[in-house]
Amino acid sequence: MEYSNYIALIPLLPLAGFVLLGLFGKKTFAKSAGIVGTLFLFISTILAFYTAYQYFFVNGKVNGVYQPVTALQYTWLQFSLGMSIDMGALLDPASVMMLVVVTFVSLMVHVFSLGYMKGEERFATYYAFLGLFTFSMLGLVLSTNIFQIYIFWELVGVSSFLLIGFYYDRPAAVAAAKKAFIVTRFADLGFLIGILILAFYSGTLDFGTMIQRITGTNSPVLAQMTGYGVVGIPVLSWALTLVFIGGAGKSAMFPLHIWLPDAMEGPTPVSALIHAATMVVAGVYLVARLYPIYLIDVSVLKLITWVGAISAFLAAIIACTQTDIKRVLAYSTISQIGYMLFALGVPAYGEAVNTGYTASLFHLFTHAFFKSLLFLGAGAVIHFIHTNEMGNMGGLRKFMPITHATFLIACLAIAGIPPLAGFFSKEEILITAWQSNKLIYYIALITSGITAFYMFRLYFSIFYNKTSTHSDHHGEGNLNMKLPLLVLAAAAIVVGFIPFTHFVAANGKGEEITISASFSIAPIAMALAGISLAFVLYFNENDQPQKLATAIGGLYRAIRQKFYFDELYLFITKKIIFNGIAKPAAWFDKNIVDGFMNKLGWATTGISERIKALQSGSIQSYTLYFFGGIIALAAVFIYLWT
Amino acid sequence: MIDFLLLMKQELIITVIIFTLLLLKIGTEMSNTAILNLANGLLLFNLAAGFMGNQAGMLFDGMFFTNPLIVLQKNILSLGTLIVSLQSSSWLKKHEHVPEFYILLLSNLLGMFFMISTGNLLMFYVGLELSSIPLAAMANFDLGKRKSSEAAMKFIVSSAFASGLLLFGISLVYGATGTLTFSELASHITGGPLPVFAFVLLLAGFAFKISVVPFHLWTADVYEGAPVAVTSWLSVISKGSVLFVFVSVLYTVFKPMAGTWYNMLFVLSMLTILIGNLFAIRQNNIKRFLAFSSIAQIGFILVGITGSSQLATASVVYFVLIYVFSNLAAFGVVALVSSVTGREQVSDYKGFYKTNPVLSWVLTIALFSLAGVPPTAGFFGKFFLLMSGAGKGNYVLITVAALNMIISFYYYLRIVKAIFMDANEHPIEHLAIPAYPKLAMFICVAGIIITGLTGYIYDYIHSLSFGL
Amino acid sequence: MLSVLIILPIITVIALLLCSGLKQVRVVALGGAVVQLLYSFYILFTYWEQRVVDGSQMLFQEDHVWYAPLNIHYHVGIDGISVAMILLTAFVTVAGILVSWTTAKLSKEFFFLLTLLSMGAYGFFISLDLFTLFFFLEVAVIPKFLLIGIWGSGRKEYSAMKLALMLMGGSALVFVGLAGVYFNTQALSGAHSFNMLQIAQQHISPEAQRLFFPFAFVGFGIFTALFPFHTWVPDGHSSAPTAASMFLAGISMKLGGYGCLRMATLLMPDAAHYYSWIIILLATIAIIYGAFATMMQTDLKYINAYSSISHCGFVLLGIGMMTQTAIMGAVMQMVSHGLMTALFFAAIGMLYDRTHTRQVAQLGGLLKVMPFIATVFVIAGLCSLGLPGLSGFVAEVTVFMGSWEKADNWYRLATVLACASIVVTAVYILRAMGKVIMGPLQVDGATVQHNLSDARWNEKIAAGVLIIGIIAIGIAPFWLTELINQ
Amino acid sequence: MSIPLTHILFVSTALFFIGTYGLFTRRNLITMLMSIELILNSVNINFVAFNKYLYPDKLNGVFFSLFIITVAAAEAAVAIAIIINLYRNHRSIDVEDVKEMKN
């Protein structure tokens with residue numbers, strides 16, 4: 001069956017769900033909204049898996065190389081000849097992989113929410129928004145055209161805004177939603193300008209054409225873009241950096257990461273879907289899309305590497321100090337995405353080109369499963385105990401065995417303990433780093449240790465440690481909530497064994513990355529070290545952590561305050577932008593521009609007040625003026641102006 | 001003889017009417033209403049007669065001549081006279097000297113007719129005096145009112161002075177050329193200092209009548225003091241007549257010194273618009289306000305005159321026609337209000353719309369037409385005037401004039417604002433509109449709407465007019 | 001055929017004068033507006049067909065001599081741009097009349113003036129003769145004065161007077177420009193001509209263009225909030241009644257944009273190229289500075305008014321850039337902004353009718369009590385901050401692409417700054433939205449609850465009409481670009 | 001011996017300016033009226049003189065002066081009537097007392 005027959009349905013079904021529930025949700029589907037939404041998504045999930053099967057195993061490979069297939073393409077907005085925004089579906093290993101991930105995780109979340117969001121006032125609206133998000137994300141994934149990706153990029157942004165602000169009457173949620181949208185919008189500005197530059201030089205917006213025109217052997221476009229520079233930097237670097245800024249914003253990379261932790265104000269399943277598995281990795285996906293172009297410009301790749309590495313490390317450290325379990329997970333997400341990004345970047349230092357790409361996307365793949373599992377687990381816990389604070393938890397393993405088990409699996413996976421999924425992907429990243437740049441490798445290694453530590457800190461203080469003061473035990477939640485946990489746990493175990501490298505590679509042919517036991521010793525050791533440290537500190541209730549915290553005092557506080565990033569941004573926005581620019585602008589407008597217009601009016605009336613003496617009322621002065629007028633006219637026109 | 005009757009038809013009719021009224025005054029004791037009906041009927045007849053059996057020609061070897069344009073101008077004036085008399089009826093009813101009023105009015109009109117169709121400075125002078133001396137008497141028509149007599153005094157003194165200067169100018173012209181007939185003057189006049197001085201004096205004479213700055217100062221006081229009927233007459237009819245003559249004199253007699261008077265008008269027009277506007281902003285008495293606004297209007301007309309083309313003449317005549325409608329519509333309302341309630345302040349008109357919607361709309365439309373807002377005729381009139389001015393390529397003048405329209409817009413809207421928006425605890429009570437004023441207002445409003453939107457009238461005028 | 005567009009409102013006006021009582025009046029007004037809407041759709045479709053048939057630039061031309069001596073004609077005709085504008089006018093008119101459905105005070109006069117205003121707009125958009133253009137331009141000025149002054153709120157007299165005077169100044173300048181153009185033409189007949197097409201053919205001398213372009217452009221610019229002359233916008237919009245604000249921002253600011261466009265592209269292209277850098281400079285200032293000034297506003301109507309300044313900057317930017325794409329973007333922005341800002345004002349008006357305040361600080365969490373209005377507000381806001389799928393994005397992106405085609409670093413800088421405004425826009429829109437729509441419920445500072453009802457049917461239809469327009473452009477822009485592009 | 005034209009013109013001009021001066025300075029309305037008459041008379045002299053000296057074969061100047069005299073009489077009549085009425089209302093014919101309407 002031809003892709004074009006059904007591929008469009010994959011994104012459009014969730015959209016249909018959105019429209020349906022958005023318009024008639026309140027009245028018609030007040031109760032059944034969840035079922036409807038889930039049903040729509042279920043169909044498109046099946047279609048997605050079918051597509052993946054078709055692509056990877058049936059007709060994707062042409063003489064051993066996975067070819068990109070443009071399944072659909074419609075001109076949406078024609079700017080000028082050859083320059084148009086197209087809407088379509090591009091199938092290549094990366095996009096198909098993403099297709100699977102997005103639909104699968106989204107389905108899980110839909111199912112989970114059936115239980116989690118039960119009885120919510122705006123139940124239908126919730127599912128409508130989920131549908132909107134899924135539609136946008138799928139559209140983003142399938143983009144054939146850089147402007148299409150930008151369009152859906154904005155759409156996922158707004159759906160995330162809507163979902164973060166779902167509990168709209170909580171000021172915190174509203175603030176978080178605004179923060180998320182504005183920070184990413186700021187990043188998107190870079191993306192937009194980058195697009196403008198690329199489009200101008202390559203003369204197209206279509207991915208394939210653009211890549212082929214720029215990377216083509218001794219292409220004139222490339223010559224122009226490297227030849228001409230603004231403030232000493234070649235245009236190409238500008239363009240790629242700007243585009244990357246867009247990606248960094250969405251993927252919450254340092255220093256634009258500040259919005260993600262706050263975004264945890266949204267419903268937990270949403271965090272699982274948007275802020276763990278799918279949207280936040282859009283940045284990685286974007287860079288992967290344009291990877292051939294990025295490979296040309298080493299300087300930008302180095303930038304990406306360091307941004308990724310620093311984010312991975314800082315986020316991991318901060319995660320150790322957070323007490324809100326969702327925030328811990330958020331920081332771990334940042335850290336994991338950091339991994340993916342520097343994996344994409346490091347080839348700049350070596351020639352391990354394809355491995356970087358593959359490893360990064362592989363980690364993206366596995367991470368999607370175990371991270372969404374973690375979030376859903378956390379969701380279950382919160383649903384059970386009605387708080388996010390670690391302090392109020394503990395000893396929950398008795399009450400919620402399934403959650404406990406799945407959560408443990410996920411923790412092991414993310415900590416990189418074989419044979420779970422996380423282990424394989426992380427190994428590949430480490431190998432790439434090792435081959436390219438040792439420094440990055442060591443950072444990554446340490447970070448993985450820290451990761452293990454904070455994950456198990458989380459695990460122990462939820463399920464062991466003191467027994468929680470929580471009283472009313474209404475069970476672990478119904479099947480809707482358990483099922484996704486189990487499914488995802490299974491996934492977290494098995495996906496590692498998928499021979500990912502054969503399917504997804506920069507050159508389309510697949511890549512052999514051998515994981516040698518000798519190499520794996522260090523990471524695993526680090527992970528175990530982290531786990532055991534966490535065991536010592538958090539398995540039983542004790543005052544070790546406080547001691548430690550007080551021991552390192554200032555540093556601890558700095559980390560706890562997330563290195564004062566929020567304060568910095570607050571300073572910039574409030575002090576500089578508002579008081580520095582907006583206030584003066586408003587003042588200028590009110591007093592100078594508008595004032596001038598009013599002054600004009602007053603001046604006129606003022607003059608008329610001044611000259612009223614002319615009309616003195618005495619007839620003799622009138623006749624005098626009369627006579628004077630004549631004399632003046634005569635004098636002027638006889639002597640001066642002849 | 002017969003063509004004497006034909007060519008001087010309108011003048012003769014007016015004369016007959018005057019004497020009829022005189023005899024009635026002496027002989028019988030008719031009630032005011034009867035006289036009013038009779039007078040209006042006769043005026044209507046005069047207007048109708050003006051349209052039939054016209055032909056061009058001259059009498060008394062060039063002293064008196066007429067042509068379609070002149071006939072048209074006279075008809076415009078007769079129309080104005082009719083409207084004035086219609087809407088002053090509510091005031092005259094209570095007055096004991098109705099026939100006198102009409103006699104003065106009509107002798108005035110007669111003077112204008114002669115003035116318009118004169119071909120000779122002597123007859124021009126006589127006509128001018130005939131059209132201004134009775135005005136002084138009319139200004140004083142409310143004998144008991146202090147302001148009325150003050151207005152009359154100011155008018156007669158300044159007009160006498162003006163005519164003195166005019167005469168001095170004429171005498172100099174005579175001295176320079178030795179002739180008084182226009183046709184010969186046109187060929188004799190040269191651009192030397194003496195003719196220029198003489199011209200300045202003549203110009204002053206004209207400028208006084210149409211109140212161009214700085215010869216305008218009498219205007220506001222007389223307008224304020226005189227009875228509303230007289231004021232409206234002053235502001236529209238007498239100005240209109242002098243304008244017609246002014247244009248023809250400039251374009252025919254003073255053709256040789258066109259360059260000079262173009263520059264003079266350039267200066268005077270800007271001055272007039274500016275001063276008129278600046279004074280109008282501040283006025284509280286609505287008659288006084290209309291006086292200054294009319295000064296500004298004259299400035300715009302001067303801009304048109306500078307165009308000195310066929311277009312210019314046509315535009316001036318056309319604008320006078322429109323001005324008759326617009327200004328008389330405004331004065332109609334003012335006359336009604338002041339004759340019933342005696343209130344003439346702008347502030348009295350606050351909340352006018354609540355009590356008198358119809359009158360408010362009439363006044364508003366009139367003001368819009370004066371301000372030059374489409375679709376009223378005033379817009380077209382102003383547009384054509386400025387276009388003919390721009391025809392000379394003097395864009396400084398045009399820009400100044402156009403920007404001055406903002407100020408004039410402001411003070412016209414000030415009245416509209418008072419009528420529609422301002423609250424007032426003692427608004428003018430509801431007024432019943434008698435038949436004659438109602439008819440007058442109807443004519444005016446209809447004129448305001450039709451004259452602008454249909455191009456025929458303008459085309460007709462243009463077809464009759466001539467350029468420099 | 002096109003004259004019907006002018007005749008329909010006139011008929012409506014006359015009918016309004018005849019009928020009495022709020023019920024009759026508003027039914028008649030609405031009927032007239034709906035008929036106009038249908039008719040403009042009819043024009044759209046016939047235009048589609050006709051354009052394929054004959055390739056001439058302007059279709060459905062009607063040409064009657066009006067004032068022979070000055071060679072003034074009543075000459076109308078349309079191209080795609082005019083059609084788009086006509087549709088916009090029709091949409092906004094219907095919505096405006098529906099929104100002010102319950103106007104009790106002097107209802108007859110109110111709808112009379114609204115209809116007159118729409119007539120002015122229609123006439124302006126279809127006229128091909130400069131005199132006719134100017135005529136309708138001024139026809140559209142006075143009703144605004146009365147609408148604001150009589151039915152407005154706040155410092156209404158001041159705002160009305162300010163608006164009227166500034167627009168009058170604008171048209172005075174326009175007049176000088178037109179006169180200059182007129183006297184620099186020599187039509188085939190040897191007489192001067194106001195005919196835009198003829199003028200376009202027989203290129204006026206560049207010197208004359210440079211002399212008179214500024215007059216005409218600034219004159220029209222005042223109507224569309226050109227930077228230093230925009231100060232009538234905030235006051236005028238904020239103290240106007242809802243429908244009048246919708247007309248002002250939705251239609252009459254577009255009169256200026258349309259005029260500028262015609263001047264720059266059709267009549268005086270050389271001068272437009274010559275002065276383009278100034279236009280771009282002013283437009284960029286307007287965009288950025290308007291956006292920042294908006295941040296500081298506390299009154300919802302002021303927020304939207306200032307954002308209108310910023311958004312109309314995009315129109316002028318597109319015109320200034322003078323590239324095919326940019327100009328297309330400018331037109332799209334005119335249409336989109338017209339619909340969007342009308343919707344915004346409608347939503348604000350609905351809120352105001354219920355809460356009796358427009359202060360952001362005094363409102364909160366209205367989504368709870370009036371979900372429909374809140375949703376409308378959100379949609380308008382999202383459109384204003386350029387969300388894909390709504391019209392604003394399409395227009396702005398087109399302007400950006402078009403501007404970027406100008407390969408000059410300064411123009412690029414201008415474009416980048418213009419792009420930067422989308423962030424600022426997001427900031428102020430979200431601040432307003434987050435406070436008014438979201439957050440804990442609050443009205444008038446206290447959290448007390450009025451009897452806050454949701455939208456009535458008329459308001460729902462009004463909003464629906466505009467939203468349909470916005471989404472139709474946002475989802476499927478290609479029909480609009482097809483329409484605009486020759 | 002004949003008097004040259006210039007002498008006569010000098011007289012008339014002097015008369016003109018005297019009249020003007022009187023109009024500007026005198027407070028009494030009647031006197032002002034008289035000074036206006038002076039102006040008119042200077043005009044008359046002009047006409048007659050011009051006619052006699054420059055264009056002896058015509059009579060239009062002389063006729064003009066006749067008309068002026070007549071009209072001046074009418075003007076004076078009306079003016080005096082008005083002044084009398086003014087006196088009735090204001091109890092004064094001093095021009096300084098008659099400036100109610102101004103600005």
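1. Let's start with the B–D interface: 30 residues of chain B are in contact with 33 residues of chain D, where contact means that the C-beta atoms of two residues, placed from the backbone, lie within 7 Å. On the chain B side, the elements that give two or more residues are α7 (121-130), α8 (133-139), α9 (146-177) and α12 (218-225). Of these, α9(B) gives the most, with 16 residues. By class, this side of chain B has 17 nonpolar, 7 polar and 6 charged residues. Here Ala, Val, Leu, Ile, Met, Phe, Trp, Tyr, Cys and Pro count as nonpolar, Asp, Glu, Lys and Arg as charged, and the others, Gly among them, as polar.

2. Before going on, a word on the model: it is predicted, local features need pLDDT of at least 70, side-chain atom pairs count only at pLDDT 80 or more, and totals for chains, interfaces and linings use all residues. Residues are numbered from 1 along each chain as its sequence is written, while chains are lettered from A and ligands numbered from 1 in the order in which they are written.

3. Chain B also meets chain A, in a contact that takes 25 residues from chain B and 21 residues from chain A. The elements of chain B that give two or more residues to this side are α9, α11 (193-209), α12 and α14 (258-280). The largest share, 6 residues, comes from α11(B). The residues on this side of chain B divide into 19 nonpolar, 3 polar and 3 charged.

4. Now chain B as a whole. There are 22 helices and 2 strands in it; helices (H or I, at least four residues) and strands (E, at least two) are DSSP runs, numbered from the N terminus. The radius of gyration of chain B is 21 Å, close to the 23 Å that the globule rule gives for 468 residues, so chain B is as compact as a globular protein of that length. That radius is taken over C-alpha atoms, and the rule is 2.2 Å times the number of residues to the power 0.38. Of the 468 residues of chain B, 66% count as buried. A residue is buried if 20 or more other C-beta atoms lie within 10 Å of its own, exposed if 12 or fewer, and partly exposed in between, with C-beta atoms placed from the backbone.

5. Chain C comes to 19 helices and 4 strands. Its C-alpha atoms fill a box of roughly 75 × 60 × 45 Å along the principal axes, and buried residues make up 67% of its 486 residues.

6. A hairpin in chain C is worth a look. Strand β1 (residues 59-67) and β2(C) pair in the antiparallel sense over 6 bridges; pairing requires that DSSP finds at least two bridges between two strands. There are 4 residues between the strands, and C:Asn71 in the turn has a positive phi of about 60 degrees. C:Glu62 stands opposite C:Val76 in β2(C).

7. Why is β2(C) largely enclosed by the rest of the structure? Because 7 of the 7 residues of this strand (residues 72-78) are buried. In a regular strand the side chains alternate between the two faces of the sheet. Both faces of β2(C) are covered, with C:Ile72, C:Tyr74, C:Val76 and C:Ile78 on one side and C:His73, C:His75 and C:Gly77 on the other.

8. C:Val28 counts as buried because it has 22 C-beta neighbours inside 10 Å. Not counting residues up to four places away in sequence, C:Val28 touches C:Thr12, C:Ala15, C:Leu16 and C:Cys19. The C-alpha atoms of C:Val28 and C:Leu16 are separated by 6.6 Å, with the two residues 12 apart along the chain.
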